[in-house]
Amino acid sequence: MSKPVGTAAERLAIQLRGVGLRFGVKSVLHDLDLDVGLGQKVAVVGPSGVGKSTILRLLAGLLLPCKGRLSLHGQQQIYLREDQDKPMDVRMVFQSPALLASLSVAENVGFLLRRSRRLSPADIRTRVSRVLEEVGLKGVEDLMPGQLSGGMQKRVSFARAIVEDPTADTSHPPLLLFDEPTAGLDPVACTRIEDMIVKTTEFAEGTAVVVSHVMSTIRRTADHVVMLYGGCAQWYGSVEGFEVTDNPYVRQFRSASLQGPMQPELT
Ligand SMILES: Nc1ncnc2c1ncn2[C@@H]1O[C@H](COP(=O)(O)OP(=O)(O)O)[C@@H](O)[C@H]1O
Ligand SMILES: [Mg+2]
């Protein structure tokens, strides 16, 4: 395997070098290298339990690497430091919509905006309505999450992710993270969500990392793919390359075969 995996893009949005992460005695990532250029859209694939969500949580600053270096826009991320500058603008769409049941749709979407002293309630309302319209949900501001269908809740979670965080560092384009956005959806619902990923990433003019097992989602939302197994990147390349490479890990993933270097997690 050649390493480090990477990109020819001139400016990097994400750079991981030798990143390792363990939970207690369990080592999940050993030696992960990954470069993602500004404005690129990268799909992260690999079997369940391989550490895909863990990578998103590292990028979002919700977890700290145990070793190695993680830089966003050329700045090494050192979390939890009191003198840290504004946090990078990183927005995450979790696998489940994760809306707060006791808050209205508008309050859920505008949650971060309320941290800003600069924005009046009317400003917040305007911004929230704009992003809700962007995801095709006009006029649901005052409904409670429980009054919405699952698909609509998912779209609210997209709106929450694209609303601009006024406390974040906006000197760089945002990083958008999507965790298995189309898992378990029917094909038409998949297409709608895939369109939304493309649209929200373009709307935010951001760089996207999409964790997915779904081939249509990989094709329609990403330009590059990283194949993860055994705590590191086993393959990286264009989506077109992913469809044809004879890398044994990618081949096994594409053919959903039990034969190959990847064994299912026995837990
Ligand atoms: N907070 C945690 N504490 C202990 N183990 C965890 C924790 N989060 C994830 N893991 C373990 O780390 C491994 C990778 O998890 P995850 O990144 O969620 O996998 P994936 O998203 O690829 O399915 C799994 O074996 C999981 O059980
Ligand atoms: Mg996961």
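The accessible surface of the chain amounts to about 13,100 Å², and 52% of this area belongs to carbon and sulfur atoms; such areas come from the Shrake-Rupley method with a 1.4 Å probe, and for residues only the protein chains shown count as cover. The model is predicted: local features need pLDDT of at least 70, side-chain atom pairs count only at pLDDT 80 or more, and totals for chains, interfaces and linings use all residues. Residues are numbered from 1 along each chain as its sequence is written, chains are lettered from A and ligands numbered from 1 in the order in which they are written, and side-chain values use heavy atoms, with hydrogens and water left out.

Eight helices and ten strands make up the secondary structure of the chain, where helices (H or I, at least four residues) and strands (E, at least two) are DSSP runs numbered from the N terminus. The chain is as compact as a globular protein of 267 residues, because its radius of gyration is 19 Å, close to the 18 Å of the globule rule; the radius is taken over C-alpha atoms, and the rule is 2.2 Å times the number of residues to the power 0.38.

Of the 267 residues, 49% count as buried, that is, under 20% relative accessible area (1.4 Å probe, protein chains only). Among contacts (heavy atoms within 4.5 Å) between residues at least 6 apart in sequence, 66% join residues at least 24 apart.

The count of disulfides, defined as pairs of cysteine sulfur atoms within 2.5 Å, is zero. Cys66 is in no disulfide, as the nearest cysteine sulfur, that of Cys232, is 16 Å away. Cys232 is itself buried, with a relative accessible area of 17%.

Conventions:
Buried means under 20% relative accessible area, exposed over 50%, partly exposed in between (1.4 Å probe, protein chains only).
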